[in-house]
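User: I'd like to learn how to read helix packing and salt bridges in a model. Can you walk me through it?

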Amino acid sequence: MQTFEKANDLIRRFKGERYTRGFGVLPQAGGAAAALGKRAVLVRDAFPGSETHVETIAGSLAAAGVELAGILAGAAPNAPREDLARITEGFQELRPGVIVSFGGGSTIDAAKAAEVLRTLGGSIEDYFGAGLVTKAHRPLTPHLAIQTAASSAAHLTKYSNITDRATGQKKLIVDEAIVPQRAIFDYGVTLTCPRALTADGALDGLSHCLEVYLGAVGKAHYDAMREVAGAAIPLILEYLPRAIQAPGDREAREALGLATDLGGYAIMLGGTNGAHLTSFSLIDILSHGRACAMLNPYYTVFFAPAAEEPLRHVAGMFGAPSHLEGRKLGVAVAEALMAFEAGIGFPTRLRDVPGFTQGHISRALAAAKDPQLRMKLENMPVPLRAEMVDEYMGPILEAAASGRLELIRNVR
């Protein structure tokens, strides 16, 4: 339980009194919302058992003196633009004084972006990138985000991922202005979470920690990120297999909640990079967490010469050889990652994913050159410029397709 204590201490450092988490905390939603406004609109996901939770939220709002002006359906996976437009229209009609979102990352992200469009106007394209909402200098409606899945930590962060299903491409808003003012996560809601979603979410949290940690070398947040990764990754490695085997295991569910919350802390300390960037081009064949998990071993080999210190730390967590150097160390960690993923039933090469084609690689390479996603290239432990993408990212993706780590070309 020492790791649980460390994780809780880090989350308190991150969010203080603005974040309520644990088992049985959902009835506190009303008080949290009342501190932000008196007229609420609820954006909610629908899943088995969700009606009971929505009734709890609505009852707590009423008890706290908060008017519930309306309830809107949440977003489909990856927050499609069509759902964003519908939720934006709902906000325009209902005029909330406080937004309450209840759902996974997609619904919370859509609520964030919908409020940006309601208040600032324009097209969502105007806000993709970093800091463009803040530049508008107009306050957004306060937001209480209630998380339902141990995964993206959207309830705690400055990110909103939105997908254009016509092109199969995801893009993101990165802005402190869209961080929810208050957040709640009742871990009891996750007890009925399906096994596949449990695994996808946990590996998304691991990806947050791994990518930010490897990219933190030489930066001011390195020591903090070492603490976060050192607390979060072991929780996922130990408790994800337990949660898959026994979904009702409360200790495992708490561990994954803590670990993925720390993943949120990680992406507020620093940015994700290669695997997340490529995952945005695979939304038609893979869930976000699964795509990141599959890609991280291959990017790890590419990053290894520039990230030896954190990789040795990570190798120790996996029980992999930590005395190696450079690319050999990266290969050892990559193989350990792939073995863990295979052990929970994940594919480890893109070729084994139904629907995968060479066109996905072409799409990913094109997206990596898009200026709106430039921050992901710049966050890499080995930063790439757009003109370097084909030469270096191309072989990474070919390796990910085939499972052949030897195809990856390191920058010299």
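User: Which residues in H6 meet which residues in H8?

Analyst: A quick note before the case: this is a predicted model, where local features need pLDDT of at least 70, side-chain atom pairs count only at pLDDT 80 or more, and totals for chains, interfaces and linings use all residues. Residues are numbered from 1 along each chain as its sequence is written, and side-chain values use heavy atoms, with hydrogens and water left out. Contact means heavy atoms within 4.5 Å. On the H6 side you have Thr198, Gly201, Ala202, Gly205, His208, Cys209 and Val212, and they meet Arg253, Leu256, Thr260, Leu262, Gly263, Ala266 and Ile267 in H8. Sorted by class, that contact has seven nonpolar, six polar and one charged residues. Here Ala, Val, Leu, Ile, Met, Phe, Trp, Tyr, Cys and Pro count as nonpolar, Asp, Glu, Lys and Arg as charged, and the others, Gly among them, as polar.

User: And what is the geometry of H6 and H8, in terms of axes?

Analyst: Two packed helices are described by the angle between their axes and the distance between the axes. Helices (H or I, at least four residues) and strands (E, at least two) are DSSP runs, numbered from the N terminus. Axes are lines fitted to C-alpha atoms, for helices over the stretch in contact, with angles from 0 to 180 degrees between N-to-C directions. For H6 (residues 195-214) and H8 (residues 250-269), the axes come within 8 Å and cross at roughly 35 degrees. The crossing is left-handed, meaning the near helix is turned anticlockwise from the far one by less than a right angle; clockwise would be right-handed.

User: Is H7 roughly parallel or roughly antiparallel to H8?

Analyst: Angles under 35 degrees count as roughly parallel, over 145 as roughly antiparallel, 65 to 115 as roughly perpendicular and the rest as oblique. The axes of H7 and H8 come within 8 Å and cross at roughly 150 degrees, which makes H7 roughly antiparallel to H8. This crossing is left-handed. Among the H7 residues in the contact are Met225, Leu235 and Tyr239, and the H8 residues include Leu258, Tyr265 and Leu269. The class count for H7 with H8 is 19 nonpolar, no polar and three charged residues.

User: What about H7 and H11, at what angle do the axes cross?

Analyst: At roughly 20 degrees, and the axes of H7 and H11 (residues 308-318) come within 10 Å. H7 and H11 are therefore roughly parallel to each other, and their crossing is right-handed.

User: Now salt bridges. How many does a search of the whole structure find?

Analyst: A salt bridge is a side-chain nitrogen of Lys or Arg within 4 Å of a carboxyl oxygen of Asp or Glu. The search finds 22. One of them joins glutamate 227 and lysine 6, with N to O at 2.4 Å. Glutamate 227 sits in H7 (residues 222-245) and lysine 6 in H1 (residues 2-15), 221 residues apart.

User: Is glutamate 115 buried or exposed?

Analyst: Buried means under 20% relative accessible area, exposed over 50%, and partly exposed in between (1.4 Å probe, protein chains only). Glutamate 115 is at 2%, so this residue counts as buried. Its salt-bridge partner is arginine 118, with the closest N and O atoms 2.9 Å apart. Arginine 118, at 22%, is partly exposed. Being three residues apart in H5 (residues 105-120), glutamate 115 and arginine 118 are separated by about one helical turn.
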